Structures are given as C-alpha cells and as structure tokens.
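Walk me through this fold, please.

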Amino acid sequence: MKVLKFGATWCSTCLIMKPRWESVEEKYPVFESEFFDYDNSPKEVKKYGIEDASLPIFIFLDNEGNEIERVSGEISEKTIVNLVEKHKDK
C-alpha cells in the first residue's frame with residue numbers, strides 16, 4: 001500500500017495534518033508515502049484531479065498503483081490509523 005499526500009505550504013489544514021501523518025508513519029511503517037506540494041507538482045495534481053479547495057488530500061493506492069480510497073480535509077490520527085489498518089494488506 002502507498003499513500004499519496006497532496007498539500008500546500010499556504011494550507012492551514014495541511015499544516016495541522018502534517019504531524020498527525022508523521023506520527024502514524026512512525027508507528028505503522030507498513031506503508032510507503034509520498035508528498036506532493038500542490039504548487040510544485042502540476043503533473044501529479046492533474047493526473048489525480050486535485051483541486052486546491054479540497055486540500056489536503058490523501059490517496060491510498062494498492063500494490064499495483066490503483067486508487068482504493070481518497071480522503072480529504074482534517075482527519076484525526078485515529079482515522080488515519082483505521083485507514084492504514086483497513087488497507088495495509090492491499
């Protein structure tokens with residue numbers, strides 16, 4: 001499983017989410033993640049249909065690179081853990 005994280009330096013919710021994700025990534029090293037800055041990643045933003053009004057956006061991919069779930073906005077650390085547990089074997 002891989003998680004694509006889309007955010008921006010000007011996005012206050014993105015700044016709130018950053019330490020939550022970092023905490024989960026330390027505790028659950030079962031997945032790979034990659035961060036894309038909205039302003040500096042036009043290819044990925046276009047490919048995944050990311051809109052700035054929806055930041056942050058987290059896209060869960062299976063081992064073949066297929067999107068299996070997408071969430072956006074401010075979510076709790078518990079919700080992140082639940083999503084990781086839900087998709088860790090995909």
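Phe 6 stands opposite Phe 36, a residue of strand 2. This is a predicted model, in which local features need pLDDT of at least 70 and side-chain atom pairs count only at pLDDT 80 or more, while totals for chains, interfaces and linings use all residues. Residues are numbered from 1 along each chain as its sequence is written, and side-chain values use heavy atoms, with hydrogens and water left out.

Strand 1 (residues 2-7) pairs with strand 2 in the parallel sense, over six bridges. Strands here are DSSP E runs of at least two residues, helices are H or I runs of at least four, and both are numbered from the N terminus. Two strands pair if DSSP finds at least two bridges between them. The sheet is open and has four strands, in the order 2-1-3-4, with mixed pairing. Strand 2 (32-37) and strand 4 (67-72) are its edges, each pairing on one side only. From one strand to the next, the twist averages 15 degrees.

Now the helices. Helix 1 lies across strand 1, strand 2 and strand 3, and runs at about 160 degrees to strand 1. Axes are lines fitted to C-alpha atoms, for helices over the stretch in contact, and angles run from 0 to 180 degrees between N-to-C directions. Helix 3 packs on the sheet too, touching strand 3 and strand 4. The direction of helix 3 makes about 175 degrees with that of strand 4.

How do the two helices meet? Helix 1 and helix 3 pack at an angle of about 45 degrees, with their axes 10 Å apart. That makes helix 1 oblique to helix 3; angles under 35 degrees count as roughly parallel, over 145 as roughly antiparallel, 65 to 115 as roughly perpendicular and the rest as oblique. In helix 1, residues including Met 17, Trp 21 and Val 24 meet Glu 77, Ile 80, Val 81 and Val 84 in helix 3.

Technical notes: Contact = heavy atoms within 4.5 Å.
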